[in-house]
Amino acid sequence: MYLQKMISCSQLLARPNALQTFRRAASKGKMPLARAHGKSFAHRGDLRQAKRIVVKLGSAVVTRGDECGLALGRLASIVEQVAMLQNQGREMMIVTSGAVAFGKQRLRHEILLSQSVRQALHSGQNQLKDMSLPVLEARACAAAGQSGLMALYEAMFTQYSTCTAQILVTNLDFHDDQKRRNLNSTLHELLRMNIVPIINTNDAVVPPPEPNSDLQGVNVISVKDNDSLAARLAVEMRADLLIALSDVEGLYDSPPGSDDAKLLDTFYPGDQHSITYGTKSRVGIGGMEAKVKAALWALQGGTSVVIANGTHPKVTGHVITDIVEGKKIGTFFSEVKPAGPTVEQQTEMARSAGRTLASLEPEQRSDIICTLADLLTERKDEILSANKKDMEQAVSTGRLSPAMLKRLSLSSSKLNSLSIGLRQIAVSSQDSVGRVLRRTRVANNLELEQITVPIGVLLVIFESRPDCLPQVSALAIASGNALLLKGGKEAANTNRILHELAQEALSIHGVKDAIQLVSTREEVEDLCRLEKMIDLIIPRGSSELVRDIQRAAKGIPVLGHSEGICHVYVDHEASVDKAIKIVRDSKCDYPAACNALETLLVHRDLLRTPLFDQIIDMLRTEHVKVHAGPKFASYLTFSPSEVKSLRTEYGDLECCIEVVDSMQEAVDHIHKYGSSHTDVIVTENESTAEQFLQQLDSACVFWNASSRFADGYRFGLGAEVGISTARIHARGPVGLEGLLTTKWVLRGEGHTVADFSEQGSMTYLHENLPVAQVFPGRRTTS
């Protein structure tokens, strides 16, 4: 076995120079280039550039829960991630614990075996149950476990064609200049040969740690545990990143598990005074305080640090790679404190101000919206100037499609339309929050009411649509919700001025912070993980964006639709004029819209009729590219290109035409290939139309009307936050009503459930009462 491992390493070393291979790949932009050491990364996103990485595996990560043996599953997933990063051209080093636990397992086995043999010889089998294990000395366990631990690492890394080398060190090795130079030289040579060094303190000979000999300045760190060893090694080797894996999610501002404990996404030097440390982990000799001190020492030496959980079964398999990709995992140590609040702080500010917003009188919320509507027209020159900058940058980069450029562009007429829509929202906001939906007299002097209330904190993520910002802001204000906005960077200038106007309007009633614009380098996936702070996510953008958010959102509801595959079915009893008008408008008015026609279903009897020919001529005139469905293609000698999929959202001047034999077949086709967004029937037969409207399970179903009517503004909602195809909560165009939920209010006079028991004197009445309109501070009967 050992010979096989040596041969494997020899084969690896016999390959073309690994450093040359890395440089070639890096020159093509596939791998991180080496950077000048001396300054740590300022932002998580920069961690993608890390080339030399130290991964520290704490005792709780490597060992099993019984502290006797290794957690092989966790270790295997960690090895896989390290090997993958190594094979990408990064230089990986591991500082590992686990020798004591592995040795304890081996020694226990040997002791039990020898005891059982001796007792069997002298006392008989009936004495075996009385055997007890002696206390095992840690150094002896380490001596017995080192070779087995290394053999396990070698066997695992060999599966990924990666060679490893073991290095054992003690504190004295760092205080002897010659030994330090030798260690440094050895590690650099191993990295040059594409070998993963596995480093551990030599626990078989190391003296007991001195309690107060931890960190003594920038140039000296006492190696008393693997935290300090990893920090010392990272700085000595000028590593770009140190990943310290433990059994906690990261650094909390108070002991994990306490009621008010908050996980810190980023930790800055000087914040130590705000931290209260708990007890250390179940194994190991360090603790979180030791980890923080070691991390700050490494940070001061120019190495970025992330402390994260390496034991969580759901994330262990990708925790290291996620950190290197810049995702919000654990606590990131940074020397650069952002100028503004963090996104977590913004969310808390929005929630606090949102509660005040919800308690305002309806007239006050309406006043805020009308002020914002006025500002859109009064300050249109500023808005259009900012939008011009965004348009010029977008055109120069060439990254946006014509459809996206159209969405990005603002004009005076667009701003006027926005202002009108906001005033409609202001009117509808008068009876939104606090409206009583149901009143019940449960018993004498015991009344129950169900009233509308805001959902809480909304996160709206939108692409290339700056006009979305004032619309959504007005709806949030009208419904009393706090709002967190994340716009695309292509509209950064426009979004900034529009957000300033929204906050200016909010400030007239002291709730400026209720709407926050996230302008930090926050990834959308990271925002979707704030399940304790955000109540609803609303994506506005491409189907790809919506799908990505739906996948990333863990525990937060997502309101929206991932696709807009809308159908128009032209029945054999359709009016020629209506059919042509509806098909043209549904497809050609705004092909990029989610409510545009994507599949045209035609009754079989219409083939080779003047109506069908006129539809085809109209589509050709409008430059619509037609794809033939399988059934339609079978009727034609020379057909257009056959469609690749009947479940396609083109978002352009393209559509699919398919033939059906009946209205029922059209319904079945839509159920199978549609997205439950908007579907249309064109027919003069009222009975056929009613069957279509009743049977079809879509958010919007129309008879003799264009699919483009599926819009909050056209529905009279003033504006919409999106169109939902979900079956729970809001469905279709979501306006003000869709941003409200309810709560139950019970008013009594000392009632208890015991009053209604067999021994009690009261009985349930459950009488429905006239609905009353309730708002904060007043009550009027309607």
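Colleague: Which residue forms a salt bridge with E622?

Modeller: R584 does, and the closest N and O atoms are 3.4 Å apart. A salt bridge here is a side-chain nitrogen of Lys or Arg within 4 Å of a carboxyl oxygen of Asp or Glu. Keep in mind that this is a predicted model: local features need pLDDT of at least 70, side-chain atom pairs count only at pLDDT 80 or more, and totals for chains, interfaces and linings use all residues. Residues are numbered from 1 along each chain as its sequence is written, and side-chain values use heavy atoms, with hydrogens and water left out.

Colleague: Where do E622 and R584 sit?

Modeller: E622 is in the loop between α22 (610–621) and β17 (625–628). R584 is in helix α21 (residues 576–588). The pair links distant parts of the chain, 38 residues apart. Helices (H or I, at least four residues) and strands (E, at least two) are DSSP runs, numbered from the N terminus.

Colleague: Which residues are joined into a network by salt bridges?

Modeller: R44, D265, K328 and E344 are, through salt bridges that share partners.

Colleague: And how many salt bridges does a search of the whole structure find?

Modeller: It finds 38. One of them pairs E449 with R747, with the closest N and O atoms 2.5 Å apart. E449 lies in strand β10 (residues 446–454) and R747 in strand β23 (residues 740–747), so the pair ties together parts that are 298 residues apart in sequence.

Colleague: How accessible are those two, E449 and R747?

Modeller: E449 is at 1%, so it counts as buried. R747 is at 37%, so it is partly exposed.

Colleague: Switching to helix α9. How many of its residues are buried?

Modeller: Helix α9 (residues 226–236) is mostly covered, with 10 of its 11 residues buried. Among them are L229, R232, L233 and V235.

Colleague: What does E236 pair with?

Modeller: E236 forms a salt bridge with R180, and the closest N and O atoms are 2.9 Å apart. E236 is in helix α9 and R180 in helix α8 (residues 177–192), 56 residues apart. R180 is partly exposed, at 28% relative accessibility.

Colleague: Which residue just after α9 takes a positive phi?

Modeller: R238, with a phi of about 55°. S161 has a positive phi too, near 55°, and is not a glycine. S161 sits in the loop between α6 (138–158) and β3 (164–169).

Colleague: What about N704's phi?

Modeller: N704 has a positive phi of about 55°, although it is not a glycine. Its place is the loop between β20 and β21. N704 is partly exposed, with a relative accessible area of 23%.

Colleague: Where is F715, then?

Modeller: F715 is in the loop between β20 (700–703) and β21. It is partly exposed, at 40% relative accessibility.

Colleague: Which residues make the nonpolar surface patch?

Modeller: F709, F715 and L717 make it, and its area is about 260 Å². Patches use residues with over 30% relative accessible area and no salt bridge; like charges are joined within 9 Å, nonpolar side chains (Val, Leu, Ile, Met, Phe, Trp, Tyr) within 5 Å. Accessible areas come from the Shrake-Rupley method with a 1.4 Å probe; for residues, only the protein chains shown count as cover.

Colleague: Last topic, P402. Is it buried or exposed?

Modeller: P402 is exposed, with a relative accessible area of 71%. This residue is found in helix α15.

Colleague: How far apart are P402 and A592?

Modeller: They are 190 residues apart in sequence. In space, P402 and A592 are 9.8 Å apart, C-alpha to C-alpha.

Key. Buried < 20%, exposed > 50% of the residue type's maximum accessible area, 1.4 Å probe, protein only.
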